[in-house]
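Reader: I am learning to read aromatic rings in a protein model, and I would like to go through one with you. Could we look at it together?

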Amino acid sequence: MLTRTIKYLLLGMAFFFCHLTLPAQHKKIDSILSILETGKPDTNKVNQLNKLSSEYLNIGEFDSGLKYGNKALALASSILIENKRGWSKGIARAYANIGTSYYYQANYSAALKNYFASLKIMKEIGDKRGIARLSNSIGNIYLEQGEYPPAIKYYMAALKMHADVGDEKSISKTYNNIGNAYSSQDNYPEALKNYFTSLKIREEINDEQGIAISYNNIGAIYDLQGNYTEALKNYFASLRIKEKIGDNAGVANSYNNIGLIYQSQENYAEALKNHFAALKISEDIKYKEGMAVTLENIGAIYSSQGNYPEALKMFFSSLKINEQIGDKYGIAASYNNIGNALVRSGQLKEAQSYLNKALQISMEIGSKYDIKKSYRGLTILDSIQNNWRAAFEHHKLFNVYKDSIDNEETKKKIIETTMTNKFEKIELETKAKQDKKDAIAAEENQRQKNIKYSVTFGLFLVTVFAGFIVRSLRFTNKQKKIIETQNFQIVESINYSKKIQDSLLPSIENMQKAIPSIFVFYEPKAIVSGDFYYFKKFEKYTLLACVDCTGHGVSGGFMSTLGSLLLDKIVDDAALNPSEILNKLNDEIIRILDQQNGGEIQDGMDLSVCLIDRNNHKIEFSGARNGIIVVTNNQAKRYKADLLPVGGSYMKKGIPIERNFKTQHIPINTNDWIYMYTDGFMEQVGGSEGIPMNYSQFENQLLNVSKIESPEEKNKLLQLELDSWRGKHERDDDVLIIGFRVV
């Protein structure tokens, strides 16, 4: 039961600078105080107060830093300044110092408030360095609170500003911060890529503190992947540098990480030795993040040894600190560890509560690692209570997140990144030797030999490394030929399945005869699709359904075929009621797949159904998780669906939840556009931040589409917008949008 490898380095850096430069900092403070005693209340005094605030922050006296930051702000606000730029910058710096004071005291809401106030002024006066520093600081707060997308957003903004002013040291720090954010989301290839980029810059500028941090973070990725040899190699390299430069918080982190490796290898004596060394240092310098993580690690060892009372004591102590500093990731880890320890000590009711809390917070912050751990704990708990159905469901979800983190593609990307870094190092060494050869002609022959030896040795290392890779993938390569011989038949079968699926879809031409304006944007992710659309015309009405089945590809294709056939069976002129159609479809899916008796297949469908009254310009709508959007006078209005899908067994306190879908009556104007959709378009990962599109963005896309008459042009625009948003990211899901106007 291991706690995740520590990556909290930001405050550690602050403590390092505090303790390294105390005598010099106190001299600066004395000098500034003497100036303030004789100085006049002018802009110079504002600058001195800001400088004094910064110096107190540098030595860890945060209350004094806050005190003089507030004095600087008050004085700057009370003086009439002729030079508005200087005035604004003084106020901005005061806000930044106040924000930093709150940040170091873990009062993140107050810190953000002051940072944003400072950032606003910095943008107004065009101070790129100030914007970059504040963007990084804001990103750090979001990172520590588990808010990863906004953290990456502000780090990227900082990176651009640092690049504009050519600040290489700050660029390397920002790459490291971006790596931390990706690592916290379990995106290890992206994390490793950014860590190596940061390390390369730090080695070029000889930034020892930065190099130590990079080694530590690279080691953390190897640790999380179970490559303990490489992890220890990087952790010890980091430790040696931190001891050399007197970075006490960094030393504590390194001891913690080394202890975790021994913990993974069940060498508990060495693990405890390193963890207690880390705890003592963290307590001495009042490093709360370090204390919390170390207590978790020690508790995990006691739990592994069956000493649950001591383990719980450590976990609760850590939880208290994490709650004080608002660390959501730390809180989730504490809840998980407490829940698992309570399970093992037989306190099952309390364990259920803590594991559910852990799962809730893990979902909020998007940490796959912690979600996986929560599901594993719940699986064990359900098994002990003989709740086999819940245990099975939780175990399936555990495997989903486990596979997501540990899949072969992730490992392959990490190997590729590692190899790229090794080749770059070899190339740099070769270039350095070549430059030396050109400078000193007298040693030409010897240098040529050195280059050949270096390149040969480097290639030998690469060959050996590649050999290990080849050996580890040998079994896969043996299977490759078998797979290739079967691939043609499989693809042919899937292509034939597509023909069957396409034959069940209504023709666009027939749909346009009933509704001339209608268009369908239909983009399966794979050959066959889990999305499908259904259409049927009656004398006075037209019925449309937009359906998203569980999964995509072959599994989704089977469900979509089943759904299409069932709708054909259910829909008739005597039962033209959207909610009744959904209720019957739900009953049929549950019956056919034996879901009410705990059948293994618990898949279902999200869909919207519209009954269009062509003569009276109104629509009856019913939805299972999928709503519709109506565009009127260039305004988008969303009509929400019922919360549960059709199909699948849903329980509350052991009792099946009865679904009773509702029908909404919607009046329609002549020029209104109605859009039915599945979630594939808006949940496609993309944009500059690599996150799904939100509802507002999706509605804006539909507003733009509504301005175009031609169905072909509408499809082209949607395709263009989807590809533009997706960028380099892979397609996530099938996409289906149906738009029409009742004329």
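Reader: Over the ring of which residue does the charged end of Lys 357 sit?

Author: This is a predicted model, in which local features need pLDDT of at least 70 and side-chain atom pairs count only at pLDDT 80 or more, while totals for chains, interfaces and linings use all residues. Residues are numbered from 1 along each chain as its sequence is written, and side-chain values use heavy atoms, with hydrogens and water left out. A charge sits over a ring if NZ of Lys or CZ of Arg is within 6 Å of the ring centre and within 35 degrees of the ring normal. The charged end of Lys 357 lies 5.0 Å from the centre of the ring in question, which belongs to Tyr 354.

Reader: How many aromatic pairs are there?

Author: Rings of Phe, Tyr and Trp (its six-membered ring) pair if their centres lie within 6.5 Å, and planes under 30 degrees apart count as stacked, over 60 as edge-to-face and the rest as tilted. By this rule, the number of aromatic pairs is 13.

Reader: Why is the pair of Phe 519 and Tyr 675 given its class?

Author: The ring centres of Phe 519 and Tyr 675 are 6.3 Å apart and the planes stand at 70°, so the pair is edge-to-face. Phe 519 belongs to strand E1 and Tyr 675 to strand E11, where strands are DSSP runs of E with at least two residues, numbered from the N terminus. The pair thus links parts of the chain whose separation, in residues, is 156.

Reader: Are Phe 519 and Tyr 675 buried or exposed?

Author: Buried means under 20% relative accessible area, exposed over 50%, and partly exposed in between (1.4 Å probe, protein chains only). For both Phe 519 and Tyr 675, the class is buried.

Definitions and conventions. Helices (H or I, at least four residues) and strands (E, at least two) are DSSP runs, numbered from the N terminus.
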